[in-house]
Amino acid sequence: MDLSYSMKDDLANVKGLGEALFAALNKITKKAQIGFGAFVDKTVLPYTNTNEEKLKKPCDENEQFCQAAFGYRHVLSMTPSQDVFNDKVNKVLISGNLDSPEGSLDAMMQAAICGDIIGWRNSSTRLLVLATDAGFHMAGDGKLAGILEPNDEMCHMNNGLYTKSSDMDYPSVGQLAMQLEKNNIQPIFAVTKNMKDVYTELSKMIPKSEVGVLSSDSKNVVGLIEDAYNKLSSKVTLTHDVLPDNVKVTYKPNCANPIQEGNNKGICDKVPVGQEISFNVTVTADSCMEEKSFTISPLGIKDKLTVTISTNCECQCNDPINPSHPHCNYNGSVTCGICSCTEGYVGQFCNCSIGKKDEQTLRASCKKDTGTECEGRGDCVCGICYCHKTEKGKSYYGPFCECDDEHCEKFDNKQCAGNGECKCGRCKCYDGFDGSACQCQTSDQSCRTINNTVCYGRGTCKCNFCECKEGYQRPFCEKCLGCSDPCSTKLTCIECLGFGSGPLKEKCSAACNISHQIVDKFSISGNECYQKDSEGCWIKFKLEQLVGEDNYFAEILEEKVCPEPPNVTAIIGGSIAAVAVIGILLLMLIKLLIHMKDLKEFKKFQNEQKKSKWAEADNPLFKNATTKTVNPMFTGE
């Protein structure tokens, strides 16, 4: 059982199902035994949180009863005691991990191969019920945790724990299937509805397995096991182990509901209890062998049948003593029905006298280029090939038996497409058909265009389909997507044909083979071109491609658009005016820069003048420029 935390409710219900489980088993047999094992996943990242506290308690923080993380734990060996089962299972606690897929294949592998520890009995029907709500890890997933050592399919249990869980990769599905079959264990996958499709696909790769859908709380596990067991027990599959080389085995079931699943097994389905069934087994040996053995057994049952093959490849013949037997044309004796010729004679019936030639020379005359006598299709008798018959009863023919009328090229799975006869490996087609397999009609109807030409003259009609020249596109080779633009390539011819100018005007008629017409407006729907000629004028014309690869009809507008010549006077006058304006602007700019600089210097002077403080003391050397003199005689009157 999966003991990851999502199976908490399921575990609680399973603990109370002991009585019902034993009751269901006792309906089948009075010697039922049951065991219990649990699994979660490898205790390394990224499968399990490796924090020390989380390893000890990987469950939810509020969960009081939680056991430490583990890979696979063997809880209870096989026991017939219901009380022991209930006691052990009731002590089991839930656990947890990180990712959704679990280590179920690890658990199944150990449960299958650790027979002594699990307690599997000999000759018993062995069921392994896997209860889970998640997918499974398989071989290769261990790389995520740096585990590279492949699973060795060995038992590694110690004190009930799988000790190599963190050291070995998960087993592959093939490894698990082989060990389950080898140990006659029939798995039942009891999974939730969301996992049904996954385990159904897994069941297809594991013989004698069934899938049942668990309810959300696993209450229906007993009924599920009963239904799965009934399906397994009512389906009898007979198969074999590894066969010797060149040995084939086929099975023919003798029952009411035979199932055919390939030639390597025989299956009878819906076999009721107490009904006897049988299988006809045919063993075919394609070569001689001595004492080669293999086993045949029904899946899920320990009984096996060993088949030992020996073939009689040596003839036990009573040969006549006569050295000149009439069967050999009196030129040899009979040994086990085959002529042994006397010296000087060869052949199947010693009817060829080699005379002065040796046997190798005679045989060489029966060999063609391949060096094989009569191409392996006949017998060389006296240097002449006598051809064998084909599989259909006709004869090979030709000097070296190189010809037959049964192996010609096929089309639509029909020899010579049903439209010819096979003659010496080649198809001889009926009238109206062609091709190496007569697959082609000689008609060119499907290659005809709307103007009744074949592929517009730009391809050939083969097998009633157009094979276009390079660049042209099927179905009728009408357009060329990779060709040069005809507007450019035909410009010089259009110029000389329409206006008598250009580089080809002296040899226009010889160089330009284009039908053309000078018009005042276009009337055809071809490609419109607008190109500049050698004089700088614009020419407008239309090209219509005719039948053939480089065959055009052109319509040329009678007037071409030529730009007016430049006004020299205006250009010179404008240039002088522009130079004058530019000069004036430069002078004004220089004047402005000088003015700005002077203004800046003046402001700087004013600022320094404001900051200056002049002394107020009188200079003793200073004399005023004016002198005041008083007249002593003046009385003021």
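Reader: Which residue forms a salt bridge with Lys560?
Author: This is a predicted model, where local features need pLDDT of at least 70, side-chain atom pairs count only at pLDDT 80 or more, and totals for chains, interfaces and linings use all residues. Residues are numbered from 1 along each chain as its sequence is written, and side-chain values use heavy atoms, leaving out hydrogens and water. A salt bridge needs a side-chain nitrogen of Lys or Arg within 4 Å of a carboxyl oxygen of Asp or Glu. The closest N and O atoms here are 2.9 Å apart, and the partner of Lys560 is Asp533.

Reader: How many residues apart are Lys560 and Asp533?
Author: Lys560 lies in the loop between E32 and H14, and Asp533 in the loop between E30 and E31. Helices (H or I, at least four residues) and strands (E, at least two) are DSSP runs, numbered from the N terminus. The pair links distant parts of the chain, and the separation is 27 residues.

Reader: Is Asp533 buried or exposed?
Author: Relative accessible area decides: under 20% is buried, over 50% exposed, in between partly exposed (1.4 Å probe, protein chains only). Lys560, at 22%, is partly exposed. Asp533 has 7%, so Asp533 counts as buried.

Reader: Which residue meets Lys490 in a salt bridge?
Author: Lys490 counts as buried because its relative accessibility is 13%. The side chain across from Lys490 is 2.9 Å away, N to O, and belongs to Asp550.

Reader: How many salt bridges does the structure hold?
Author: Another is between Asp87 and Lys91, with the closest N and O atoms 3.5 Å apart. The total for the structure is eleven.
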